[in-house]
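I opened my notebook to go through pockets, cavities, a surface patch and salt bridges. Here is what I looked up, entry by entry.

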Amino acid sequence: MGDLGLDSLIPLSGHDGSSGGSGEVDLDFDPSAPPPFRIAEIRAAIPKHCWVKSPWRSLSYVLRDIVVVLALAGAAACLDSWAVWPLYWAAQGTMFWAIFVLGHDCGHGSFSDNPKLNSFIGHLLHSSILVPYNGWRISHRKHHQNHGHVENDESWVPLTEKLYRSLDASSKFLRFTLPFPVFAYPLYLIYRSPGKEGSHFNPYSDLFTPNERKDVTLSTSCWAAMAVALLYASFVFGATQVFKLYGVPYLIFVMWLDLVTYLHHHGHEKKLPWYRGKEWSYLRGGLTTVDRDYGWINNIHHDIGTHVIHHLFPQIPHYHLVEATEAAKPVLGKYYREPAKSGPFPFHLINNLISSLRQDHYVSDTGDIVFYQRDHDDPHGVSAKKSD
């Protein structure tokens, strides 16, 4: 099963040998061990109705979110008070994120069984928040098909030690120092991740096959149309007003997207594995995903925090994810990690993010089962060591 070593067999919550959370170490459970169940057993445990996609129910969520977005924008524009703008930005940025999640369901085909409806709604929602729908959809499909694989995963892929050492100081600073990582998404769309090439906007990018180029061209055109519309609105209503109504919420949305995506694959209290070669499988990769509780935000952003079952079965509509997860828990056993309960707002996740950025720097260049390691020679590692 690969050379794990004692440290790999005893996952520690501090990532570096220090204890965290409750300070307890489960000596009897190795999260990198092949699970004693098959994915078919998890599927069989999930009620059949959880797989049913209702286009009308999905559309009702779209209507709900659009009405809230328009109402918030209208109220903020009418009040136009600096006592209101910060509240508006937080609320509207969160709603942009909710809009993204619905478009995300379209990309997975969990919105409905009608591909044309999925494509139309997906383009409508994602273009409105400057996401190239098909370009993102195709790369996100690759993420799901290769989750937990060091080289082949697509989103927040681990840096190998060799690649990490090759980065200059500024690149490391931007990747591991807040707030920069939570504003990475627009750059990812243009450049992808370190060590990978290709743009989500370019139909001739390495991301896409020749038969996908028309789809990517369509999405890039829709993105450009939205960008032109925003530019026109800036001339009509003023750049400052458009920035307040749209620009700042867009930045909040980007923060949500990067935060949620990162924390569903990093920053758990105990080390979780990444795989290569013969040790990787779709099931084992999916089991490295982490569920998170977002408090009041769970319903607003369509329960995307129930991420393990979503990764294993992306066809399940978001409104069935919680029920499907509860049904699957007896099969998953210790391979399912119950998320820490949130207050009304998920401020507790900030500590997970900070801890992970300080400690999860790279994985080994070799080995089929690897865990994140800290660079103690890097300023980030030194500061983290002092604060432990």
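I began with the largest cavity, which holds about 140 Å³ of space. My working terms: on a 1 Å grid over the protein atoms alone, a cavity is a set of points where a 1.4 Å probe fits but cannot get out, a pocket is an open set with protein on both sides within 12 Å along at least five of seven lines, and lining residues have an atom within 4 Å of a point. Grid points are joined across faces, edges and corners, and volume is the space filled by probe spheres set on the points.

Before going on, I noted what I am working with: this is a predicted model, where local features need pLDDT of at least 70, side-chain atom pairs count only at pLDDT 80 or more, and totals for chains, interfaces and linings use all residues. Residues are numbered from 1 along each chain as its sequence is written, and side-chain values use heavy atoms, with hydrogens and water left out.

I found 14 residues lining the largest cavity, with H265, H266, L272, W274 and Y372 nearest its centre. I sorted that lining into four nonpolar, seven polar and three charged residues. For the sorting, Ala, Val, Leu, Ile, Met, Phe, Trp, Tyr, Cys and Pro are nonpolar, Asp, Glu, Lys and Arg are charged, and the others, Gly among them, are polar.

The count of cavities of 30 Å³ or more came to four.

**Largest pocket.** I noted a volume of about 770 Å³ for this one. Its lining has 34 residues, and W156, A184, Y185, Y188 and D258 lie nearest the centre. Two or more lining residues come from each of α4 (85-108), α6 (133-145), α8 (169-176), α9 (185-191) and α11 (239-263). Helices (H or I, at least four residues) and strands (E, at least two) are DSSP runs, numbered from the N terminus. The pocket lining splits into 19 nonpolar, eleven polar and four charged residues.

**Salt bridges.** I counted 14 of them, each a side-chain nitrogen of Lys or Arg within 4 Å of a carboxyl oxygen of Asp or Glu. E154 pairs with R192, the closest N and O atoms being 2.7 Å apart. E154 sits in the loop between α6 and α7 (161-166) and R192 in the loop between α9 and α10, so the pair ties together parts 38 residues apart in sequence.

Is E154 buried or exposed? E154 is buried, at 0% relative accessibility, and R192 is buried too, at 10%. I use buried for under 20% relative accessible area, exposed for over 50%, and partly exposed in between (1.4 Å probe, protein chains only).

D375 and R165 also meet in a salt bridge, 3.1 Å from N to O. D375 is in the loop between β2 (369-370) and α17 (379-387) and R165 is in helix α7, 210 residues apart. D375 is buried at 3%, while R165 is partly exposed at 38%. E161 joins R165 and D375 in a salt-bridge network.

E279 bridges to K278 at 3.4 Å between the closest N and O atoms. I have E279 as buried at 6% and K278 as exposed at 64%.
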